[in-house]
Amino acid sequence: MNLFNQSEFLALALVHFFIVVSPGPDFAVTLRQSIYHGRKAGLMTALGIGAGISVHVVYTLAGVTALMQATPWLMDTAKYIGAAYLIWLGIQFLRSKGASAAIAPESPDSAPVQTAGKAFWMGFLTNATNPKAMLFFLAMFTTLVSPSTPVTVKLFYGVWMCGVNAAWFMAVSVLFSHQRIRERFLAHSRLFDNIIGTILLLFAGRLLLAV
């Protein structure tokens with residue numbers, strides 16, 4: 001008996017893809033990392049974002065998401081944590097002096113080096129602390145995925161979504177770490193940091209307003 005439902009998987013994959021490509025904190029952070037620190041940092045950030053999805057997959061399958069949805073103060077706590085991280089990250093970007101003072105526009109390879117581990121954890125935390133991802137997984141696994149679907153198949157869905165997230169943001173990193181694109185952004189890096197920082201603060205504000 002084939003326990004894998006192709007139509008279920010295709011529906012889940014399609015909805016997930018449209019959610020992934022829509023702009024959000026993950027996109028903003030990957031964009032900034034790729035331009036400011038280069039392709040390697042951008043790719044590691046993308047891998048961190050993909051790994052962050054695994055957190056949502058695990059607690060969704062364990063039923064924790066449904067529990068949090070039924071317990072308002074737990075959900076509010078998750079939103080506060082997510083908003084706090086975005087606020088902290090946004091303030092760090094706003095306080096940045098930019099790269100233009102230290103990097104010549106014609107030599108973006110002299111941008112500040114960021115360790116692979118730090119880049120990975122920035123991506124991981126950006127996604128793992130996002131309560132909207134939590135709600136997305138709750139919605140997907142309760143509406144598109146049948147209760148009779150085996151846990152092993154659900155785990156496959158989760159691994160698939162981790163891979164798609166990582167692949168999409170790796171593509172974003174490759175595009176925006178291109179030398180000519182980086183040169184243009186780095187020439188106005190202070191303004192760029194202000195814009196990214198403000199965007200993250202706005203996302204945090206939306207989370208707080210939803211509490």
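The largest pocket of this predicted model has a volume of about 440 Å³. A pocket here is an open set of points on a 1 Å grid over the protein atoms alone, with protein on both sides within 12 Å along at least five of seven lines, and lining residues have an atom within 4 Å of a point. Grid points are joined across faces, edges and corners, and the volume is the space filled by probe spheres set on the points. Of the 22 residues that line this pocket, Ile-19, Ser-22, Pro-25, Asn-130 and Lys-132 are the closest to its centre.

At least two lining residues come from each of helix H1 (6–21), helix H2 (25–37), helix H7 (131–143), helix H8 (151–176) and helix H10 (189–209). H7 gives the largest share, with four residues. By residue type, the lining comprises 13 nonpolar, six polar and three charged residues; Ala, Val, Leu, Ile, Met, Phe, Trp, Tyr, Cys and Pro count as nonpolar, Asp, Glu, Lys and Arg as charged, and the others, Gly among them, as polar.

Residues are numbered from 1 along each chain as its sequence is written, and side-chain values use heavy atoms, with hydrogens and water left out. Local features need pLDDT of at least 70 and side-chain atom pairs count only at pLDDT 80 or more, whereas totals for chains, interfaces and linings use all residues.

Turning to the whole chain, there are ten helices and zero strands, where helices (H or I, at least four residues) and strands (E, at least two) are DSSP runs numbered from the N terminus. Of the 211 residues, 46% are buried, meaning under 20% relative accessible area, with exposed over 50% and partly exposed in between (1.4 Å probe, protein chains only). Among contacts (heavy atoms within 4.5 Å) with a separation of 6 or more, 88% are between residues 24 or more positions apart.

UniProt, in an unreviewed entry, places the feature "transmembrane region" at residues 44–67, 157–179 and 191–209; such annotations may be inferred rather than shown by experiment. Residues 157–179 are 91% helix and 0% strand, and their end C-alpha atoms lie 36 Å apart. For residues 191–209 the figures are 100% helix and 0% strand, with 27 Å between the end C-alpha atoms.

Ala-46 is found in helix H3 (residues 39–61) and counts as buried because its relative accessibility is 0%. Leaving aside residues up to four places away in sequence, Ala-46 touches Ala-166, Phe-169 and Met-170. The C-alpha atom of Ala-46 is 7.6 Å from that of Asn-165, 119 residues apart along the chain. Ala-139, in helix H7, counts as partly exposed, at 30% relative accessibility. Its C-alpha atom and that of Ala-66, 73 residues apart along the chain, are separated by 9.7 Å.

Methods: 1 Å grid on protein atoms, 1.4 Å probe; cavity = no way out; pocket = protein on both sides within 12 Å on 5 of 7 lines; lining within 4 Å.
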